[in-house]
Amino acid sequence: MTVYALLGLGALLFAQSVVRLRGRGRPDLAGWDRVALFAAALALAWVALLSPLDRVAEEKLLAGHMTQHVLIGDLVPALALLAVRGPLVLFLLPAAVLAPLARSPLRRALHALLRPKVAFALWAANLAIWHIPALYDTALRHDSVHYLEHTCWVFAGFLVWMLLLDPRLSAGRRVALAAAMFATGQVLTDVLVFSFSNLYPAYHGAYGISAVTDQQLAGVVMMVEQLLTLGTLVAVLLAPRIRRRHLDPVPA
Amino acid sequence: MSATSFTFEWVLLGLVVAAAAVYIYAARADRPDPWRAVSYAGGLLLIGGSLNSPLETIAAKRLLMIHLLQNGLIADIAPLLLLLGLTPTMRAWLNAHGASRIRARYALPAWLIAWYGTHAANFYDWALRSEWPLQLEHAILIAGGLLFWWPLVSGRLGTPAALAYLGTGFVASSFLGLALIFSSRPLYSFYEHAPRLWGLSPVRDQNLGGILMNAEQTLVFLVAIGFYVWKLLSEEDAAAAPSRT
C-alpha cells in the first residue's frame, strides 16, 4: 500500500511539474520523452516491488532479489533523474514546499552528501552491508528491516545517479565514478559467481535451479545490469570526445 | 607421465630465446629503463615458464582449469608486459615496419576470433591430441594478445577511445568464462577421459577453469581501465589548469 502511495505521489508531482513548465511556454524542457522516461521509472519500480517478482525475490530466488535491488537501486533512479533533469526538477515541488526546504539544513546535508567521494562511499557501504548474509537473512525475516533495506538502495542509487547525470561534474569525473562503482560491484559479483557454497541460507533454489546456481545467476544479474547502465552512461560521455579525436587526429 | 614432470613446447621456447636475444641486441643501442626491461623479461618468463614446466604437463594432460589459466597468462598478461617493455624507439621502429597498420577496429575482432576460435571444442580437442597443434594454439593466443594491446601501448588511441576499446574487449571476451562457469556437462572431450588430479570431476574442473579465466581477465581489464580513467582525469586537470591561472 505504501509503495502504491509513493508511486502515485511521484506520478502526481511529475505530472503537475510538466503541466506548470509547459504552461510557462517551455514544452521543450518538459517533452514527451521526459514523460516516457518517468513512466518507465515508475513501471520498473512497480515491477520490482509490486509484481510477482517481489514474491520470487522474497521466497524463491536470490537472483530475483538481486534483480529487484538493481531495479530500485540503479535503473529506477537513473531513469527518474533523466526524466526530471534541468529546470523541470525545480517544478517538482510546489513553491510553498520548495522555498522552506531550500532554507532548511536539509539542503546543506544534501550538499555534503553529494560530494563524489562521500556519495560513492555511502553507495559502496550500502552495497557491502546489505549483502552480509546475516543481515540479508534478517531483512527477509523482518518486514521493517526489509523496508529499510529497500529505502537504503533507493537513497544510495539516487545519490550516485545525481552525480553521474550532473553536467556540472566533468565527464572524466563521472567516468571515474562509474568505473569505481563497476569495480566495487565486480567484487560482489565475483564473490557470488565464484563461490561453490550457498552464502544465503534463506534461499534453497527453486524452479529447478540449485541454490549455488541461483547465487551465481544473482552475480551475473548484477554484472549485466551495471554493464548496461554504467556502460551506456560512459559510452554517452566518451562518444563526443572520440568523435572529436577522429576529426582532429593526433599524430602517432 | 607424472604431473610434476616437465613438458616443453620447443618452437615457442625457441621463439622466447630469440625474442630475448633481439631485445638485448636492440637495448645496446637504445638502453631501456629498468622497469621496461623487467616488464619484457616478465612477459618472456610467463610464456617460457608456463609453456615449458610442470604447469604445461598438467595443462596438456590433466586439468582444463590449468590450461585455461595458462591461456589467460599467455594471451592477456604476457603480451602486455612484452609491449610495455619496448622503448619508444623500439615502438617507432615497429611502426615504421608495418605495426602502424594495426588499427583498433581490426585488432579487437582479431583478438576475439583468436580467443573464441582457439577455445572452440573441436579445435581445443584437436590441439590437445598432438604436439604441434597445441603450440599453434598457444602461438595464436600470444599473437592475438600482442595485436590487442598494440593500439593501446603504441599510443594510437586517445584516452576516451582507449576506455571504449578496453570496455568492449572486457565485455566481449567474458562470455567464454561465464559459459564455462555455468556449464553442467564437459565441453572438451579430451579432459573427460584425462587422468584427474585433486579429485576434481570434469565439470567442476571446467567450472573452476571459467572462474580462473574470468578472475584473471577482470583483474587485468580493471587495472587497465583504472589506468586510463586516471589518465582522463589528469588530462582534464591539465586542460583546466591554464583557465584557472
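How close do the axes of helix H7 (residues 121–129) of chain B and H8(B) come, and at roughly what angle do they cross? They come within 5 Å and cross at roughly 130°. Bear in mind that this is a predicted model, where local features need pLDDT of at least 70, side-chain atom pairs count only at pLDDT 80 or more, and totals for chains, interfaces and linings use all residues. Residues are numbered from 1 along each chain as its sequence is written, chains are lettered from A and ligands numbered from 1 in the order in which they are written, and side-chain values use heavy atoms, with hydrogens and water left out.

- A word on terms: helices (H or I, at least four residues) and strands (E, at least two) are DSSP runs, numbered from the N terminus, while axes are lines fitted to C-alpha atoms, for helices over the stretch in contact, with angles from 0 to 180 degrees between N-to-C directions.
- H7(B) and H8(B) are therefore oblique to each other; angles under 35 degrees count as roughly parallel, over 145 as roughly antiparallel, 65 to 115 as roughly perpendicular and the rest as oblique.
- On the H7(B) side, B:Phe123, B:Tyr124, B:Trp126, B:Ala127 and B:Leu128 do the touching, and their partners in H8(B) include B:Trp132, B:Pro133 and B:Ile140; contact means heavy atoms within 4.5 Å.
- That contact divides into 10 nonpolar residues, no polar and one charged (Ala, Val, Leu, Ile, Met, Phe, Trp, Tyr, Cys and Pro count as nonpolar, Asp, Glu, Lys and Arg as charged, and the others, Gly among them, as polar).
- Helix H1 (residues 10–29) of chain B also meets H8(B) (residues 131–153), their axes coming within 9 Å and crossing at roughly 40°, which makes H1(B) oblique to H8(B).
- Here B:Trp10, B:Val11 and B:Leu12 of H1(B) face a set in H8(B) that includes B:His138 and B:Ile142, and the contact residues split into five nonpolar, two polar and one charged.

**Where chains A and B meet**

- 25 residues of chain A are in contact with 26 residues of chain B.
- The two chains bury about 2100 Å² between them, 77% of it on carbon and sulfur atoms (buried area is the accessible area, 1.4 Å probe, that two parts lose on being put together, summed over both).

**Salt bridges**

- The whole structure has six salt bridges over all chains, each a side-chain nitrogen of Lys or Arg within 4 Å of a carboxyl oxygen of Asp or Glu.
- Between chain A and chain B the count is three.
- A:Arg173 pairs with B:Glu236, with the closest N and O atoms 3.6 Å apart.
- A:Arg55 and A:Glu59 form a salt bridge too (3.0 Å, N to O), and both lie in helix H3 (residues 52–60) of chain A, four residues apart, about one turn of the helix.
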